[in-house]
Amino acid sequence: MLDFNSIEQLDKVATPFWYYDMDLFRRTVDHVAELSAEHGIKVHYAVKANVEKRLLEYISGKGFGADCVSGNEVLHAHSCGFPADKIVYAGVGKSDKEIYQALQLGIEAFNCESLQEIYVINEMARVCGLKANVSVRINPDIDAHTHKYVTTGLYENKFGISRHEFDKLIGLVQKSENINFIGLHFHIGSQITRVEEVYALECRRVNEIVAYFERNGLEVKNINLGGGLGVDYDDPDENPIADFGKWFGTISSNIALHEGQTVHVEPGRSLVAQCAALISRVLFVKSGETKNFLIMDAGMNDLIRPALYGAYHKIENLSAAMRPFFPTHQAYDIVGPVCESSDVWGAGRLLPLSVRGDLMAIRSAGAYGQVMSSRYNMKDMAPAVFSDAMDEAPSRTDYFAV
Ligand SMILES: *Cc1c(COP(=O)(O)O)cnc(C)c1O
């Protein structure tokens, strides 16, 4: 992915850091903006995937909305240029303070996940003398065929309202005078790779549910299908941009719409995952009893996905790429510095012979990376470095030239 010059530039920066390829990022967002216009499908970016201000400002500038899952995300999205009437707010557990702030801001919709939440929002809106736009998140009981921690649309999951409460829900919405019902919301999981199968099934289930609500007296104007489009973690260079064409196409040909209805989607991961790499350096090479370890300066405190979900990230030795006549490859267990045995980047990874000081790229790290980082072990937070602002990057200091 990176040419000789870029690697040389990166090598001058203090590690670890998040490297954002702004060109790829903009191409991805522009591509989605075009498809959105072509298919008439509205896009809300799922802010939780990555909250970097520069990314959000670009996305809001393209006219996308924002999908938030906390009060602070709502406020942050608003401060990054998303107008209040393009911000939707989902989440099973909204606090009173969060609801109050979003009400005052006048957001596009609360995506409500329980009957009690609808009741509380109606009461709070009444006290404030306001009317709240409400969309209801439905649990459609669909298997997204993805990792169990990122499946959200099965009855066993905590998200959304299930069929047995539909009639009670319709009654509640009809008698709640301070809410304005605008539609239904679905989001069945993340990193979905069986795109045609899963989204066609979701659309068919959604068609039935929408029809049920309309037959029973609620007009469903917005049909929000959530996010979930998967990206290629195995080969980010082969597929730097997820197959949005297939996603939008599958939705367009399977969703039943009548006059006055619009479809919304909420991509998070697929908009930002491939545009960033976590750049780290080899601190030590150690030969264990049976294997060789590469010990890196980035750990699970920076990017928790491998430790949390056993997620795979491609790892490249950038310095070795600059030593063209270095033919030997070797299997390494690549690990972080954190005092946890799950702090492993990859086991048995075949890499060119690697040495102390080598610069490594942990690829496809733009989504659910920086946002989930912590200061566990009191590590510093790795900064963001943007490809078009390399002069702002913190420079490397050599304490000892060993
Ligand atoms: C997380 C989330 C998304 C985004 O999911 P991705 O898999 O990152 O596209 C969309 N909608 C809701 C409600 C979410 O919670």
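Is F244 buried or exposed? F244 is buried, and its relative accessible area is 0%. The points below take up this residue and other side-chain contacts in what is a predicted model.

1. The ring of F244 pairs with that of W247 in a tilted arrangement, with 6.4 Å from centre to centre and 55° between the planes. Both residues belong to helix α9, which covers residues 244-254; they are three residues apart and therefore separated by about one helical turn. W247 is also buried, with a relative accessible area of 0%.

2. Aromatic pairs. How many aromatic pairs does the structure hold? There are nine. One of them joins Y20 and F386, whose ring centres are 5.4 Å apart and whose planes meet at 25°; the pair is therefore classed as stacked, the cut-off for that class being an angle under 30 degrees. Y20 is in strand β1 (residues 17-20) and F386 is in strand β16 (residues 384-386), so the contact ties together parts that are 366 residues apart in sequence. Y20 and F386 are both buried.

3. Charges over rings. Two contacts between a charged end and an aromatic ring deserve mention. The charged end of R26 sits over the ring of Y58, at 6.0 Å from the ring centre. In the other contact, the charged end of K94 sits over the ring of Y89, at 5.2 Å from the ring centre.

4. Salt bridge of R281 and D11. Side chains of opposite charge can pair when their charged atoms come close. Searching the whole structure gives 17 salt bridges. Among them is the bridge between the side chains of R281 and D11, with an N to O distance of 3.0 Å. R281 is in strand β10 (residues 276-287), whereas D11 is in the loop between α1 (4-10) and β1, so this bridge ties together parts that are 270 residues apart in sequence. The two partners may be described separately: R281 is buried at a relative accessible area of 7%, while D11 is partly exposed at 29%.

5. Salt bridge of K62 and D30. In the bridge between K62 and D30, the closest N and O atoms are 3.2 Å apart. K62 lies in the loop between α3 (53-61) and β3 (65-68), and D30 lies in helix α2 (residues 22-39); the pair links distant parts of the chain, 32 residues apart. K62 is partly exposed, with a relative accessible area of 37%. D30 also counts as partly exposed, at 26% relative accessibility.

6. Salt bridge of R363 and D237. Which parts of the chain does this pair link? The closest N and O atoms of R363 and D237 are 3.0 Å apart, and the two residues form a salt bridge. R363 is found in the loop between β15 (359-362) and β16, and D237 in the loop between β8 (222-224) and α9; these distant parts of the chain are 126 residues apart. R363 is buried, its relative accessible area being 5%, whereas D237 counts as partly exposed at 34% relative accessibility.

Conventions. Residues are numbered from 1 along each chain as its sequence is written. This is a predicted model: local features need pLDDT of at least 70, side-chain atom pairs count only at pLDDT 80 or more; totals for chains, interfaces and linings use all residues. Side-chain values use heavy atoms; hydrogens and water are left out. Rings of Phe, Tyr and Trp (its six-membered ring) pair if their centres lie within 6.5 Å; planes under 30 degrees apart count as stacked, over 60 as edge-to-face and the rest as tilted. Helices (H or I, at least four residues) and strands (E, at least two) are DSSP runs, numbered from the N terminus. Buried means under 20% relative accessible area, exposed over 50%, partly exposed in between (1.4 Å probe, protein chains only). A charge sits over a ring if NZ of Lys or CZ of Arg is within 6 Å of the ring centre and within 35 degrees of the ring normal. A salt bridge is a side-chain nitrogen of Lys or Arg within 4 Å of a carboxyl oxygen of Asp or Glu.
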